[in-house]
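User: Hi! Could you walk me through the sheets in this one?
Analyst: Happy to, here it is.

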Amino acid sequence: MARLNLVLLLAVLASALYLVRTQYESRRLYVELEKAAAESRKIESDNERLQVEKRAQATPLKVEKLAKERLQMRTVTPAITQYVTYKDEPAAAASAPEGAKP
Amino acid sequence: MSRSVLYSSSPLLASKTPVWRSKFIVAGVALAFAGLAGRAAYIQIFGNEFFQRQGEVRFARTLELPANRGRILDRNGLILASSVPAPSIWAIPEDVEASKAQLAELARLLEMPLADLNKKLGEEDKTFVWIKRQVDEPVAQKIHALGIKGIYQRKEYKRQYPEGETVAHVVGFTNVEDRGQEGIELTFNKDLAGKAGSRRVIKDRLGRVVEDVGEQVHPVEGKDIQLSIDSKVQFFAYQKLRDAVIARKAKAGSVVVLDSTTGEVLALANYPSYVPDKRKNLTGEQLRNRALTDTFEPGSTMKPITVAMALEAGRIKPQTIIETGPGRYNIGGFTISDTHNYGTLTVEGVIQKSSNVGALKIAQKMSPQEMWETYMALGYGQKPQIQFPGAVTGRVRPWKTWRPVEQATMAYGYGLSASLFQMAHSYTAFAHDGQIIPATMLKSSEPAVGVQVFSAENAHAVRRMLQMAAAPGGTGQLAQTVGYSVGGKSGTAHKQVGKGYATNKYRAWFTGMAPIEAPRIIVGVMIDEPSDGNYFGGVAAAPVFSEVVQQTLRMMGVQPDMSVKPQITTQAVEESF
């Protein structure tokens with residue numbers, strides 16, 4: 001009887017210690033999960049931020065500014081078109097001005 | 001002499017212990033245990049709730065789960081506004097321990113003078129000071145790396161507007177609390193904001209979350225709003241407008257581009273504008289969304305509407321002869337005149353030459369009530385049905401109070417007022433085969449269904465007149481594009497100053513559509529006070545129209561309906577011969 005009690009006592013102790021360990025482990029893992037979730041949120045918001053930045057670098061307004069200031073480009077107008085004509089056949093004049101309405 | 005007593009012979013041992021004493025001890029111990037059991041029962045059963053609550057107060061925390069504000073996208077899914085993390089830096093002044101070098105570095109990172117920083121940290125009696133709100137994330141990381149004690153960060157979000165000033169008036173902006181203040185941000189604030197959620201957690205001594213308790217309320221993320229705006233069209237509209245306002249030395253200007261099949265607003269630009277991220281020293285001039293909030297007398301751009309209503313009422317035909325000579329007309333003590341004496345014109349000619357006398361003679365064939373009803377049907381004098389704050393109604397007086405001279409002036413756009421948006425919107429009646437269609441700021445793919453105001457034939461007839469007005473011999477020749485047929489009406493309105501009209505202040509208008517046979521877009525342009533001498537609508541506003549139309553149609557993939565050659569031919573001929 002006494003021996004059985006002793007065995008049971010040891011079993012209870014072992015199970016209790018195991019429970020403590022499991023509890024600890026579960027909390028530790030939970031903390032890690034939390035950390036990972038926070039990391040994922042951070043990466044997500046970084047992604048969002050970088051997308052916005054990428055877009056901001058590629059907006060027509062920005063491109064126009066760079067083209068004008070850094071590359072010294074100008075807006076095209078028909079006024080700066082250079083017309084090329086053949087000597088004997090002014091090609092452009094050949095076709096009827098279709099669609100030019102009064 | 002010894003008084004000592006041997007233990008073995010101690011008389012005390014001899015006396016028998018009374019039984020009650022041991023019973024007393026046992027009873028005492030039993031009582032103590034009963035007390036413990038009672039207490040345990042109290043804690044576990046009767047007072048359980050109280051103790052549970054007290055326990056929770058000490059280690060359970062409610063965390064707010066913030067909802068992200070939705071993005072604002074253009075019709076192609078490009079970002080117009082999005083929230084990015086922007087931590088705010090705060091401090092507990094008396095806890096701050098930092099070396100001079102650290103403080104200098106902090107001030108440099110925050111781009112604020114060291115003196116300001118010291119002043120903020122000098123307020124020892126305060127326990128909380130904002131040092132700077134909403135700094136950029138990379139900067140915040142560097143500040144964190146400095147590791148100054150007593151300086152903390154609070155996670156906040158801020159709106160970023162990558163397109164900057166081009167769409168500023170449409171998108172609007174939010175305040176520091178992330179609430180919409182202007183434009184779409186204001187109109188759709190509820191949808192964009194979403195709803196914050198919450199969760200109950202248990203935190204350990206180090207402040208780490210170790211367990212979830214109870215139910216978690218998930219946050220409802222803010223919805224993304226997709227606008228009808230095309231950011232490329234918007235940019236071109238803004239760019240051309242800006243260049244024109246600067247070139248004409250004008251005060252301001254607006255452009256509206258509408259899709260004439262779906263009623264979508266493709267672009268709505270104003271100049272001067274502002275950068276929504278940097279809102280310091282803003283003036284009302286910059287903030288105003290003129291296209292929607294400013295009303296003016298539209299001048300000659302009203303004439304096609306006058307003609308359309310007379311056509312619809314059957315009083316005239318496109319070829320009806322109208323005598324406009326001698327270019328002047330007296331009515332009620334006022335003289336209404338044309339710039340030239342055009343003599344005898346057809347109705348088409350009245351529009352083409354923009355004759356005031358012709359327009360008023362056509363209006364005289366109508367009753368004030370008929371005119372008023374058409375104006376109302378076209379949306380004048382009413383708040384535009386558009387999802388936008390601050391849109392104004394304009395002014396059309398009730399027809400019963402019209403005097404004959406007013407009826408006459410309204411025929412050519414004086415005596416009533418409208419915003420550029422209303423003006424452009426009313427032209428949908430011409431573009432959409434006589435139907436006025438509802439305009440929308442949100443993307444839609446279905447063709448809009450509108451209210452029939454004019455018959456399809458009359459709308460077509462007016463389109464032809466508009467085409468003539470924008471062709472050689474008309475007032476809006478500069479509206480022509482390479483490749484696309486256009487039609488539109490210019491307008492030059494004297495500005496009202498005080499009670500009368502200023503002689504040297506004008507507003508230049510141009511409203512039209514393209515391609516003229518089957519219009520896809522309607523473009524309205526307004527330039528306020530061009531002061532380089534070119535103040536006519538056909539000179540100041542029409543070129544902007546032309547450029548915007550050309551770029552927009554090309555971008556939409558609309559096939560050119562005119563041969564591109566003729567215009568080049570004429571020039572080539574000039575140069576080569």
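Predicted model: local features only at pLDDT ≥ 70, side-chain atom pairs only at ≥ 80, totals over all residues.

**Sheets and the helices across them**

Analyst: Helix H1 (residues 2-58) of chain A lies across E3 and E7 of chain B, and runs at about 140° to E3(B). Helices (H or I, at least four residues) and strands (E, at least two) are DSSP runs, numbered from the N terminus. Contact requires C-beta atoms, placed from the backbone, within 7 Å. Axes are lines fitted to C-alpha atoms, for helices over the stretch in contact, with angles from 0 to 180 degrees between N-to-C directions.

User: In what order do the 4 strands of the open, mixed sheet come?
Analyst: The order is E7-E3-E2-E10 in chain B; pairing takes at least two DSSP bridges between two strands. E7 (157-160) and E10 (225-226) of chain B each have a single partner strand, so one side of each is left without a neighbour in the sheet.

User: How many bridges join E3(B) to E7(B)?
Analyst: There are 4, and the two strands run antiparallel. B:Pro85 stands opposite B:Tyr157 in E7(B).

User: Switching over, which strands make up the 5-strand sheet?
Analyst: E12-E11-E21-E20-E19 of chain B, in an open sheet with antiparallel pairing. Its edge strands are E12 (265-271) and E19 (487-497) of chain B.

User: And what lies across E19(B)?
Analyst: Helix H20 (residues 456-469) of chain B, at about 75° to E19(B); H20 also lies across E20 (500-514) of chain B.

Technical notes
Residues numbered from 1 in each chain as written. Chains lettered and ligands numbered in written order. Contact = placed C-beta atoms within 7 Å.
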